[in-house]
Amino acid sequence: MAGRAVVMADDTLFLLLEGYGWLPALRRRAPGEVARTRLLGRRAVAICGPDAARFFYEDDGIRRGPAPPHLVRSTHFVRGTGQNLDGITREARRAMFLPVLHGDAAADLVSRAAAAWDEAVPRWGAEPSVVLFDRVAQVLATAAYGWAGLEPPEHETPKVAADLVAMAEGYATLGPRHWRARAARRRRAAALAHLVRRARAGVVAVRRGTAADAVIRHRDRDGALLNPRVAAFELLNVLRATVAVSWWVTFAAHALHRWPSHRGPLGDNDTGYIEAFVHELRRFYPFAPFFGGRAVRDLSFRGEPIPEGTLVLLDVFGQHHDPALWEEPYVFAPERFAGPRPGPYELIAQGGGDPALGHRCVGEAVTVELLKTLVPRLATLDYRVPGQDLSVSPWRIPARVASGFVMTDVRQAVPAPVPETVPDVRRARG
Ligand code: HEM
């Protein structure tokens with residue numbers, strides 16, 4: 001009961017103003033391990049730490065909402081059930097995408113990203129300057145569309161990438177960014193829904209075994225094909241998720257600029273170091289501030305009651321910067337991941353638990369492989385970093401390098417490393 005006395009005013013404004021620091025501050029003020037507040041008018045609690053993550057993911061009394069960064073909150077999802085209005089359940093979605101997110105299919109996405117990067121780099125060198133964030137988004141959009149079985153016309157790629165970025169940007173804000181996200185989503189969904197209709201009518205062919213093919217042919221519990229708009233949103237989710245990896249590639253450039261000593265082992269293709277660097281990127285830099293779920297019955301955590309209907313917030317940023325869990329959490333130190341792989345509830349940038357069973361991102365293994373492929377490429381580039389705003393504001397969600405990381409005089413210093421194959425997603429864990 002201890003936490004009951006804590007702040008009960010609506011904290012929505014503080015979330016918008018304080019960004020990543022909001023939940024950790026709220027938890028510091030709480031007398032117990034469950035901090036209480038209100039968010040968007042609803043009763044909410046904040047919890048943090050591996051035990052809290054286990055509780056959040058393993059207790060069937062908590063239903064996750066569509067809260068991850070790339071799954072935009074929209075009227076197409078019934079909050080708290082993970083089910084959209086046309087009946088595709090979270091389980092069905094995971095089952096639909098799992099086959100295209102492991103083995104050869106996942107390796108295809110990674111090698112397309114490597115090829116798109118290698119093709120783009122000489123062009124970057126020919127320009128007076130480039131904004132890395134935008135260019136990586138284009139590389140990833142090209143790779144994602146090709147992998148998914150879709151081919152955006154070459155000249156459209158910057159627009160498509162910008163729309164996918166706008167969608168990832170707009171998920172946690174109420175202002176103009178949110179409206180840009182909605183407009184971008186409408187545009188892209190309309191184009192994809194059109195494609196779904198044409199593919200079903202046999203007007204265009206979609207490669208078998210791709211994400212587009214899976215979505216176009218998916219049937220719901222009653223054996224009906226997905227409504228074309230729903231199919232389009234499903235496809236958009238994975239395209240947007242892939243493009244969201246640009247955040248971490250740009251953070252990698254930020255880290256390499258701040259702490260250039262990491263370049264050596266990354267460029268030497270030291271696989272252990274590369275993987276550790278990628279984990280540290282996802283721990284150190286702010287991305288998803290928290291994950292949200294709803295208590296579907298009365299629950300208790302560490303003896304503190306959580307009444308039915310309460311919004312349960314798992315503090316991701318707080319957990320990744322908790323000194324009880326990580327030595328000197330505000331130091332960027334890939335070495336901390338040199339030992340055994342982090343446990344299923346420690347590094348939770350893409351959710352916690354087992355990716356095959358629970359609510360962890362089914363695209364996490366491929367995300368790690370994309371980063372393991374692109375980050376060493378970045379580390380072997382020669383470029384200059386002109387004066388610019390390289391700050392990463394903790395008040396902006398999702399955080400990003402303010403300038404987008406401007407580079408000039410870009411050229412490939414040594415041959416880019418060859419990507420490795422992607423492990424089976426069902427065994428791989430962040
Ligand atoms: C920036 C990188 C990414 C982040 C932060 C992220 C985060 C997440 C999280 C937290 C979930 C769990 C949702 C739940 O609560 O059930 C999730 C699910 C999922 N992710 Fe990702 N993800 C990323 C990249 C990717 C990529 C690259 C792909 C595929 C190419 C992908 C595909 C999926 C799919 C298909 C699901 C299942 C959706 C569902 O359960 O409804 N993600 N992601």
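I began at the iron atom of the ligand, whose only protein donor is Cys361, through SG at 2.3 Å. I note that the model is a predicted one.

Next I looked up where Cys361 sits. Cys361 lies in the loop between α13 (316–320) and α14 (364–379).

Then I turned to a pair of helices. I looked at α10 (residues 228–258) and α12 (residues 271–284), which pack at an angle of about 105 degrees. Their axes are 10 Å apart. I call α10 roughly perpendicular to α12, because angles of 65 to 115 degrees count as such.

Which residues make the contact? From α10 I listed Trp248, Phe251, Ala252, Ala255 and Leu256. From α12 I listed Phe277, Leu281 and Arg282. I sorted the contact of α10 with α12 by class: seven residues are nonpolar, one is charged and none is polar.

My last stop was Ser403. I found Ser403 in the loop between β11 (381–384) and β12 (406–412).

Is Ser403 buried or exposed? I read a relative accessibility of 19% for Ser403. Ser403 therefore counts as buried, since the cut-off is under 20%.

I also checked what the side chain of Ser403 reaches. I found the backbone nitrogen of Phe405 at 3.1 Å from that side chain. Leaving out residues up to four places away in sequence, I noted that Ser403 touches Val131, Gln388, Asp389 and Leu390.

Note on methods:
Residues are numbered from 1 along each chain as its sequence is written. This is a predicted model: local features need pLDDT of at least 70, side-chain atom pairs count only at pLDDT 80 or more; totals for chains, interfaces and linings use all residues. Side-chain values use heavy atoms; hydrogens and water are left out. Donors are N, O and S atoms within 2.8 Å of the metal (3.2 Å for Na, K and Ca); water is not among the atoms, so sites may look incomplete. Helices (H or I, at least four residues) and strands (E, at least two) are DSSP runs, numbered from the N terminus. Axes are lines fitted to C-alpha atoms, for helices over the stretch in contact, and angles run from 0 to 180 degrees between N-to-C directions. Angles under 35 degrees count as roughly parallel, over 145 as roughly antiparallel, 65 to 115 as roughly perpendicular and the rest as oblique. Contact means heavy atoms within 4.5 Å. Ala, Val, Leu, Ile, Met, Phe, Trp, Tyr, Cys and Pro count as nonpolar, Asp, Glu, Lys and Arg as charged, and the others, Gly among them, as polar. Buried means under 20% relative accessible area, exposed over 50%, partly exposed in between (1.4 Å probe, protein chains only). A polar contact is a pair of N or O atoms within 3.5 Å; within protein, one must be able to donate a hydrogen and the other to accept it, and residues adjacent in sequence count only if both atoms are side-chain atoms.
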